[in-house]
Every structure is written in structure tokens, then in C-alpha cells.
Amino acid sequence: MESEQKNYAKQIYRRWALQYALAFPLLLALLATVQYVKGQGLVNALLFAAIWSLFSVIVHGLVRLRNLRKNPACVLGDQGEDS
């Protein structure tokens, strides 16, 4: 039973890593584009986007991790059945 839980946790962490690996560049592109359109220079827009994208991904991941540790049963609906 404990082995099943460890495998389940590994699957969740792998899925989250993939989600955040996709979310970071998408957020970066979106935020950089918005800042550039607002008139910021390209370097400033990319720096702003990199900082806020990283911050957003880290905070979201930590909240999900906290929720998983508090009550793993609640995370099941978050993951879906499409594995």
C-alpha cells in the first residue's frame, strides 16, 4: 500500500513538472508581450515577465503541494482521469 502511494505521488509530481514546464514559457510570452505593447523596452519586458512568471509558477506549485499534503483525496479531482 505504501508503495502505491509513493508511485501515485511520483506521478503527480511528474505531471506537475510537465504542467509548469509548459506554463512558465507561456506566461513569459504573454507577460512580455503585454509589457512590450505597453511601451516597455524589450529587455525590460522580458525581465518583468521572467520574474513574474517564475513567481507565479512557484506560488501556484507550493499551494498545490500544501493542498496535496493536507488532504490527498481532494487532489484527485484536480488531476482528472485522462492519464
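Which residues do ring pairs link into a cluster? In this predicted model, local features require pLDDT of at least 70 and side-chain atom pairs pLDDT 80 or more, whereas totals for chains, interfaces and linings use all residues. Residues are numbered from 1 along each chain as its sequence is written, and side-chain values use heavy atoms, without hydrogens and water.

The cluster comprises Phe48, Trp52 and Phe55, linked by ring pairs. Rings of Phe, Tyr and Trp (its six-membered ring) are paired if their centres lie within 6.5 Å, with planes under 30 degrees apart termed stacked, over 60 edge-to-face and the rest tilted. Three aromatic pairs are counted by this rule. One of them, Phe48 and Trp52, is tilted, at 6.4 Å centre to centre and 45 degrees between the planes. These two residues lie four apart in helix H2 and are thus separated by about one helical turn. The pair of Trp52 and Phe55 is edge-to-face, because the centres are 5.3 Å apart and the planes stand at 85 degrees. Trp52 and Phe55 are three residues apart in helix H2, again about one helical turn.

Relative accessible area is 31% for Phe48, 41% for Trp52 and 48% for Phe55; each value falls in the partly exposed class (between buried, under 20%, and exposed, over 50%; 1.4 Å probe, protein chains only).

The largest nonpolar core consists of Ile12, Trp16, Tyr20, Val57 and Leu68 (buried Ala, Val, Leu, Ile, Met, Phe, Trp, Tyr and Cys residues joined through side-chain atoms within 4.5 Å). At least two of its residues come from each of helices H1 (2-37) and H2 (42-70) (DSSP runs of H or I, at least four residues, numbered from the N terminus). H1 gives the most, with three residues.
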